[in-house]
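Let's walk through this structure together, one piece at a time. Have the 3D view open and follow along.

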Amino acid sequence: MKERTLFLSAIVAIVLVALGFLVASQANLMPPEASTRAVEVDQLFRVLLGVSTVIFFLVEGALVFAVLRFRKRAGDDRDGPPIHGNTSLEILWTLIPTAIVVVIGVYSFQVLMSIENPGRSPRIVEIIGRQFAWSFRYPDQDLATSELHLPVGQSVVFQITSEDVIHSFWVPAFRGKRDATPGQVSEMTITPREIGVFPIRCAELCGAGHSIMTSQVVVESQDAFDGWLAQQQALANDPGQLFLTMGCGGCHILAAAGSTGTVGPPLDGLAARAGGRAPSEDAAPYVEESILEPDSFVAPGFQPGLMPKNFGQRLTPEQLQALVAFLLAQP
Amino acid sequence: MTTYPATGTWRRYFSWNTDHKVIGIQYIVTSFVFFILAGMLAMLMRAELRAPGSDLLNAETYNQVMTNHGSLMIFLWILPVVAGFGNYLIPLMIGARDMAFPRLNALSYWLIPPAGLIMLASFFVGGAEAGWTAYVPLSIGGPPGQTLWAVSVMILGISAIMGAINFVTTVITMRAPGMTFGRLPLFVWGMMATSLLVLSATPVLTAGLVLVALDRVVGTQFFTVASGGDPILWQNLFWFYSHPAVYIMILPAMGIVSEIFPVFARKPIFGYRMIALSSMAIAVLGLTVWAHHMFASGMDPRLRVPYMVSSMVIAVPTGIKIFSWLATIWYGKLRLTTPMLFALGFISMFLIGGLTGIFLAAIPVDLHVTDTYFVVAHLHFVLFGGSVSAVYAGLYYWFPKITGRMYDEKTGRVHFVANFVGTNLAYLPMFAAGLMGMPRRVADYDPSFTSYNQMATLGGLILALSTLPFLYNAIVSWARGPKAAANPWSALTLEWQTSSPPPTENFAEIPVVTTDPYAYGEESSLTAEPAAAPAAG
């Protein structure tokens with residue numbers, strides 16, 4: 001009897017462990033591993049998935065078995081045996097989970113230290129969240145951009161902050177996110193390992209536009225990246241580029257900028273509508289006022305309070321003039 | 001002294017009544033009404049998320065619906081329904097005539113309906129839109145409804161603290177002769193652990209809410225960055241309460257299933273001492289894990305590791321409980337009644353919630369899945385698959401005691417199957433959506449997540465429909481179900497040793513306890529002389 005129990009237990013254990021390996025190695029539950037960090041995180045994830053699979057089928061299997069095997073038979077109204085406990089069994093199922101937890105904890109700690117190590121001379125990219133757009137700054141080039149481009153294989157430290165409420169910068173393909181908190185800068189280290197375009201999403205509820213606060217990161221070869229940087233520097237004062245850099249495109253449709261946001265009013269053909277819209281205002285002062293103090297007149301059908309009110313600080317007077325002229329020139 | 005208005009009339013349920021059984025029913029029924037409301041809000045969300053694009057709710061309304069769904073479910077359903085079980089059962093289970101402070105007890109109930117109405121009123125003054133977590137600065141700048149939300153949660157916190165004082169005092173001072181701590185039913189142990197957590201953690205949230213309300217109404221600057229305030233301070237205050245709140249919601253649920261398994265397996269609970277101890281261990285450890293909600297926040301990265309360790313260690317006492325329940329039903333004579341089915345469902349679904357908790361505790365994985373639908377799935381497996389399953393188990397199990405009538409077994413089974421299928425169909429796809437990159441609390445999503453969301457919406461619909469057989473069963477059986485005996489389950493705990501429903505002051509004579517409450521399968525199994533049942537009130 002005892003031997004038979006031991007034999008059956010061994011078979012069950014082997015089957016469970018095999019199942020754990022199978023699930024852990026075959027499961028394909030996440031986006032492409034676009035950063036070196038993703039490879040390490042996924043490895044840890046697979047270990048956790050394997051261990052969880054074993055425990056899951058052990059417990060659910062025992063549950064189903066017990067329900068089938070120990071179900072009361074018709075006519076049997078006796079009680080079960082008066083077993084109150086079993087000290088060695090209880091010690092066993094305290095110690096084994098403790099050991100598993102210790103191993104997982106140590107392994108997680110090692111992965112954490114490894115993924116957060118920025119390596120030597122990483123590139124710094126500043127990331128600024130605001131309702132409801134991301135913008136980026138390359139401090140080495142003193143360059144602000146609306147798109148995030150990164151050279152493949154080069155370690156980068158994101159310095160993440162917010163200008164209003166808390167956001168969270170998340171690139172699922174990189175397997176990392178970090179909150180953008182006003183008043184402080186948080187760092188996250190990434191080394192892209194795959195060329196491609198990957199979505200950026202906001203992961204912390206930040207208001208009505210939370211779900212549209214998306215962007216993308218372009219990972220490209222060093223040459224393509226250098227070319228892009230040079231092109232951006234040349235365009236730094238171009239109003240169409242400014243429109244995107246300032247995040248306007250997140251909420252407004254403008255054909256010339258290729259933007260499709262629908263939180264705020266569309267801006268194509270603005271000149272035809274802007275004059276005389278707010279009482280006794282010409283087109284140019286109206287557009288300027290709408291950028292600096294967006295709530296002083298809100299186009300019918302749209303919500304007040306959503307557009308940032310800090311463009312007065314973020315735009316130089318020349319940039320503002322250029323942007324107004326650009327917007328009024330759109331057909 | 002305590003006065004009881006005329007018993008036997010339904011009017012007492014709408015009056016200031018100090019009988020713990022009336023108050024228990026008031027708690028349970030009131031919170032169930034809020035459960036239905038919060039469930040309807042969930043269905044609005046699932047309808048909006050059925051397909052990408054915005055078709056039913058605009059983003060602001062969605063955020064209001066989402067905020068109130070979470071807040072109602074936590075503060076006005078699970079927390080008060082658990083308090084309702086505690087109120088009804090603790091005096092009966094320990095052989096007392098009432099709670100230690102009957103009038104305080106009535107007061108803690110009567111704070112709940114106005115607090116609930118205040119929370120719902122937020123919809124009419126611009127709404128509360130910052131989620132149940134109400135992170136600053138979003139919640140400081142939000143519309144006026146956010147102030148009502150804060151006031152409502154403050155009142156509910158005060159109610160919970162008063163309730164906890166009452167539970168702890170009652171258990172310590174009012175146990176019947178022979179009811180030692182070593183013979184305390186495990187539900188009472190669970191309520192003790194929960195009450196100690198409420199007393200330690202709830203005041204911190206209430207104080208934090210005062211700061212938020214002051215910032216909003218008076219213009220103080222506790223959380224204003226420009227004036228040196230710190231948004232992370234709120235997260236610390238909030239999670240110092242709100243992670244223990246999960247244990248506040250799950251420990252009594254574990255207590256409920258610990259009562260049910262021995263009765264329907266006809267076997268003693270396996271490892272009584274370890275189950276009671278592990279409740280206390282979870283309560284103590286539960287106070288040390290809050291910052292695992294903040295691994296991705298701006299908190300000092302060096303502080304994260306201790307919280308990872310404490311969060312993982314909680315798996316050990318939780319595992320002890322699960323293994324002990326399995327050992328309890330092993331070799332038993334299982335009677336698969338509706339409460340037993342829900343208790344078995346509790347293990348199978350809470351297990352998923354518990355295992356995925358390890359993924360969230362492991363910081364490198366957490367930094368990918370936190371604030372995504374993975375977390376939404378995890379917390380619903382813990383709180384819906386876990387707590388709500390146990391609440392349903394408890395409602396069926398004590399239905400004959402509370403109402404004096406039997407529920408209908410067949411309808412109960414239909415409810416169980418629909419609830420089990422609906423829960424898994426609604427929440428399992430959310431794990432996949434979160435891993436693939438869907439953030440939580442979004443009113444719209446990338447079309448690549450459509451199929452997960454369609455499954456979740458279908459599951460949600462099944463869940464919503466599954467409450468209909470329950471309501472039908474509860475209402476019809478309460479009105480004209482067959483009369484229940486004093487002890488229809490042949491259970492050994494004291495609440496079954498008096499009439500169904502129990503008379504005013506519970507026992508004709510206070511019982512004397514001589515054995516442990518789970519001595520099934522033994523010769524001298526009854527814990528006490530069954531109290532002679534006077535005409536039920």
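## Chain A on its own

How many helices and strands does chain A have? There are nine helices and 12 strands in chain A; helices (H or I, at least four residues) and strands (E, at least two) are DSSP runs, numbered from the N terminus. Chain A is more spread out than a compact globule, because its radius of gyration is 29 Å, well over the 20 Å that the globule rule gives for 331 residues. That radius is taken over C-alpha atoms, and the globule rule is 2.2 Å times the number of residues to the power 0.38. Along the principal axes, the C-alpha atoms of chain A fill a box of roughly 95 × 55 × 30 Å.

Of the 331 residues in chain A, 47% are buried (under 20% relative accessible area, with exposed over 50% and partly exposed in between; 1.4 Å probe, protein chains only). Now for contacts, meaning heavy atoms within 4.5 Å. Among the contacts in chain A with a separation of 6 or more, 64% are between residues 24 or more positions apart.

## How this model is read

This is a predicted model, where local features need pLDDT of at least 70, side-chain atom pairs count only at pLDDT 80 or more, and totals for chains, interfaces and linings use all residues. Residues are numbered from 1 along each chain as its sequence is written, chains are lettered from A and ligands numbered from 1 in the order in which they are written, and side-chain values use heavy atoms, with hydrogens and water left out.

## Where the two chains meet

Chain B brings 89 residues to the contact, and chain A brings 77 residues. About 6800 Å² is buried between chain B and chain A, with carbon and sulfur atoms giving 70% of that area. Buried area here is the accessible area (1.4 Å probe) that two parts lose on being put together, summed over both.

The rule finds three salt bridges across the interface of chain B and chain A (a side-chain nitrogen of Lys or Arg within 4 Å of a carboxyl oxygen of Asp or Glu). Glu116(A) forms a salt bridge with Arg304(B), and their closest N and O atoms are 2.6 Å apart.

## A residue inside chain B

Take a look at Asn87(B), which sits in helix α2 of chain B. Is Asn87(B) buried or exposed? Asn87(B) counts as buried, because its relative accessibility is 1%. Leaving out residues up to four places away in sequence, Asn87(B) touches several others, including His20(B), Tyr27(B), Met99(B) and Phe167(B).
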